[in-house]
Amino acid sequence: MDTTSAIVALGALAQTTRLETFRLLVRHEPNGIAAGELARLIEVPQNTMSAHLATLSRAGLITSERQSRSIIYRADLNGLRELSLFLLKDCCGGSTELCAPLIAELTPCCVPEANLS
């Protein structure tokens with residue numbers, strides 16, 4: 001990710017409704033949420049939600065897919081990964097002991113469950 005793309009992504013998230021929408025979509029991965037349901041859950045008019053979704057999409061943070069009459073939105077986890085790596089790439093000047101607490105705090109949410117079969 002380059003600086004310009006990071007600024008666009010961070011700018012897209014620098015608004016309450018868009019940030020709440022993005023976080024909601026991240027929580028609902030991989031299924032996604034229909035546009036109308038997003039508007040209902042965030043409590044904004046559908047046309048307003050459409051504008052916010054377009055901004056997040058242009059920023060590379062969400063994707064959409066038509067399913068019958070609905071458009072399902074999903075967080076673009078690759079875009080989130082690229083933004084996170086851009087922000088953390090030079091973390092602590094390479095001092096792993098300084099970055100370790102940050103990485104440890106992020107890890108529990110992303111560790112796949114062990115297959116017990």
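Three strands form an open sheet in the order E1-E3-E2, with antiparallel pairing, where two strands count as paired if DSSP finds at least two bridges between them. The edge strands, each pairing on one side only, are strand E1 (33-34) and strand E2 (62-67). The model is predicted, so local features need pLDDT of at least 70 and side-chain atom pairs count only at pLDDT 80 or more, whereas totals for chains, interfaces and linings use all residues. Residues are numbered from 1 along each chain as its sequence is written, and side-chain values use heavy atoms, with hydrogens and water left out.

**The sheet and the overall fold**

- Strands of a sheet pair through backbone hydrogen bonds, either parallel or antiparallel.
- E1 pairs with strand E3 (residues 70-75) in the antiparallel sense over two bridges, and Ile-33 stands opposite Tyr-73 in E3.
- The protein chain has six helices and three strands, these being DSSP runs numbered from the N terminus (helices: H or I, at least four residues; strands: E, at least two).
- Read from the N terminus on, the elements follow the order α-α-β-α-α-β-β-α-α.
- The C-alpha trace of the protein chain spans about 50 × 45 × 20 Å along its principal axes.
- Of the 117 residues in the protein chain, 26% are buried, where buried means under 20% relative accessible area, exposed over 50%, and partly exposed in between (1.4 Å probe, protein chains only).

**Salt bridges**

- A search of the whole structure finds two salt bridges, each defined as a side-chain nitrogen of Lys or Arg within 4 Å of a carboxyl oxygen of Asp or Glu.
- One of them joins Arg-40 to Glu-37, with the closest N and O atoms 2.6 Å apart; both residues lie in helix H3 (residues 35-42), three residues apart, about one turn of the helix.
- Arg-40 counts as exposed because its relative accessibility is 53%, while Glu-37, at 31%, counts as partly exposed.
- Glu-65 forms a salt bridge with Arg-74, and here the closest N and O atoms are 2.9 Å apart.
- Glu-65 is partly exposed, with a relative accessible area of 37%, whereas Arg-74 is buried, with a relative accessible area of 17%.

**Backbone features in the loops**

- A cis peptide bond, with omega about 5°, joins Glu-29 and Pro-30, and Pro-30 has its place in the loop between H2 and E1.
- Glu-43, a residue other than glycine, has a positive phi near 65°; Glu-43 is found in the loop between H3 and helix H4 (46-58) and is exposed, with a relative accessible area of 72%.
- Ser-68, also a residue other than glycine, has a positive phi near 60°; Ser-68 is found in the loop between E2 and E3 and is exposed, with a relative accessible area of 67%.

**The record**

- For "domain: HTH arsR-type", an unreviewed UniProt entry lists residues 1-95; its positions are given in the numbering used here, feature names are shortened, and annotations may be inferred rather than shown by experiment.
- Residues 1-95 are 59% helix and 15% strand, and the end C-alpha atoms of this span lie 22 Å apart.
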